[in-house]
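Please look through the model shown here with this note beside you. The points are numbered so that each can be checked on its own.

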Amino acid sequence: MESLFGRRTVVASYDLQSQLTALSDRVDPRLGIDPERLMMRHTLFPYYTAFQPSEVRNKAAADLLGSGTASIHVRLGIATFSIQRPRRLRYCPDCVEVAVSEDRDATWLRGHQLPGNIVCHVHGTILIDGAVEIDGLNRHAFSHLDTSSSAVIAPSLPEKTGDLLKCIARAQHCLCASIRPVRELDDWKGHYRERLASVGLMRSACKVDHAGLEEALRDVLGPALPFLPAACSSFGEHGWAALMVRYHRKAMHPLFHVLMDFALERLAPVDEPIAPKTSKGAMDASGRHPAALGREARTDWSAIDRRLVIKLRHVRRKIASATPPERLSFASLERGAAGPGWIRKRANRLPLAVAALTTMTETDEAFADRRIAYWTERLFDVPTWQILKAAGIRSDAWSSYTANVEYHRRADRAGRAA
Ligand SMILES: [Zn+2]
């Protein structure tokens, strides 16, 4: 400590090391390592402050560069987050192998210590717990990466889960790589509500479609949830997603922002066509060979297919809750999710969407029954035929639907009694 910082009382920290100015003063100036560079490239400052208001960010920077104490973890709320820091320093066996093959010393990497990540952001390999306990007793020691102690064989993940966890790990690591434009606590609610509106997850200008949001998050993040911290699977009124779209009293954990952003990015926008702009027609019109358009010309149909299924579920919920009841038809669902005829024309490329559409489409009988349920609930003490008439059932079919009215009357009475 004395040779690095000039003081033996400095506390060693793997994530938010303070006294960086003192440290850089002792590093050979020819290396050009100034204190800001140390802070940005060798600490978790950019990660933990990515979603903090400017005042907190500035004070945290002053803490790290100057003589900040352990209070920086309190200042950034790290101790009270529902997502805990890893308990041990971790490493990726593949990163170690690469370092060894390039004749470098394998070292601890900050990207492997991000809370919530269980895989390497580069290799997707499951991270291994090293021997060093983060909240261990010796706060004045520096520990070398030692891979000899851990003979733990990491379990393998299902392919889809592994890919998803790697994507999330990458998105988390991106927060370390640059400093994000600052946004004050007041701005997050509006920011996320705007984004929800763009993917059709607002019921009105000020009401969030919470059920739809949860469904969308589960759809996108589902396979990863069992491997993320437990707080990430907590939804509902007090869950993280609900907190995220309300007024932020304090900064939310970076992982929650990453997950929300990750999921919203993968939902289809409401007002834009689902197909990328370089669709087949556009290519023909431009007269260029598809290869000339490069990467963008490739259309990821399976991604579009998956997004469409999420969108269809949303449209179905919207149509099913309309009053008076509206029909869940192939055409109305398709129109709401993509546009008239859009899915039908591309049916061979969109098997999931077509399957979803088919199961969501209502039969004549099912739709008639929903209308009868609706009017039974609203017309009391009237003869059965009046309910059938209000429900739009043709008079020659009344006899076939009398039993439906009886059923809904009984269900209604039971519901009211309860
Ligand atoms: Zn790795």
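**Notes on the predicted model**

1. Gln 19 sits in the loop between helix H1 (2-5) and helix H2 (20-26). The model is a predicted one. The phi of Gln 19 is positive, near 60°, although the residue is not a glycine. Most residues other than glycine have a negative phi, and most peptide bonds are trans. Is Gln 19 buried or exposed? With a relative accessible area of 10%, Gln 19 is buried, since the cut-off for buried is under 20%.

2. Asp 381 also deserves a look. Its place is the loop between helix H18 (364-378) and helix H19 (384-390). Asp 381 is another residue other than glycine with a positive phi, here near 50°. Its relative accessible area is 83%, so Asp 381 is exposed; the cut-off for exposed is over 50%.

3. Now the chain as a whole. There are 20 helices and two strands. The chain has 418 residues, and 43% of them count as buried. Among contacts with a separation of 6 or more, 67% are between residues 24 or more positions apart.

4. Helix H7 covers residues 93-101, and its buried residues are Cys 95, Val 96 and Ala 99. Why are these three on the same side of H7? They cover an arc of only 100° around the axis, and this places them on the same side. Glu 97, Val 100 and Ser 101 are exposed on the other side of H7. What do the buried residues of H7 pack against? Their partner is strand E1 (88-91). After H7 comes Asp 103, with a positive phi near 65°.

5. His 112 belongs to the loop between H7 and strand E2 (128-133). The relative accessible area of His 112 is 3%, so this residue is buried. Leaving out residues up to four places away in sequence, His 112 touches Arg 90, Tyr 91, Cys 92, Cys 95, Cys 120, His 121 and Leu 127. One of these, Cys 95, is among the buried residues of H7.

6. His 173 lies in helix H8 (residues 159-177). Is His 173 buried or partly exposed? It is partly exposed, with a relative accessible area of 23%. His 173 touches Gly 111, Leu 114 and His 121, again not counting residues up to four places away in sequence. His 121 is also touched by His 112. His 173 and Asn 117 are 56 residues apart along the chain, and 9.3 Å separates their C-alpha atoms.

7. Two packed helices are described by the angle between their axes and the distance between the axes. For H8 and helix H12 (residues 254-265), the angle is about 120° and the axes are 10 Å apart. H8 and H12 are therefore oblique to each other. Their crossing is right-handed. From H8, the contact uses Leu 164, Cys 167, Ile 168, Ala 171, Gln 172 and Leu 175; from H12, it uses Pro 254, Leu 255, Val 258, Leu 259 and Phe 262. By class, these residues are 10 nonpolar, one polar and no charged.

8. Helix H14 (residues 301-320) and helix H17 (residues 351-360) form another pair, with axes that come within 7 Å and cross at roughly 20°. H14 and H17 are therefore roughly parallel to each other, as angles under 35 degrees count as roughly parallel. The crossing of H14 and H17 is right-handed. On the H14 side, the contact is made by Asp 305, Arg 306, Leu 308, Val 309, Leu 312, Arg 313 and Arg 316; on the H17 side, by Pro 351, Leu 352, Ala 353, Ala 356, Leu 357 and Met 360. This contact has nine nonpolar, no polar and four charged residues.

9. The loop between H14 and H15 contains Pro 324. Which residue is joined to Pro 324 by a cis peptide bond? The residue is Thr 323, and omega is about -10°.

10. Helix H15 (residues 330-337) has Ser 332, Leu 333, Glu 334 and Ala 337 as its buried residues. They pack against H14, helix H16 (342-345) and H17. Just after H15, Gly 339 has a positive phi of about 125°.

Methods
Residues numbered from 1 in each chain as written. Predicted model: local features only at pLDDT ≥ 70, side-chain atom pairs only at ≥ 80, totals over all residues. Heavy atoms only, no water. Buried < 20%, exposed > 50% of the residue type's maximum accessible area, 1.4 Å probe, protein only. Helix = DSSP H or I, 4+ residues; strand = E, 2+ residues; numbered from the N terminus. Arc of directions from axis to C-beta. Contact = heavy atoms within 4.5 Å. Axes fitted to C-alpha atoms, helices over the stretch in contact; angles between N-to-C directions. Parallel < 35°, antiparallel > 145°, perpendicular 65-115°, else oblique. Left-handed = near helix turned anticlockwise from the far one by under 90°. Nonpolar A, V, L, I, M, F, W, Y, C, P; charged D, E, K, R; others polar.
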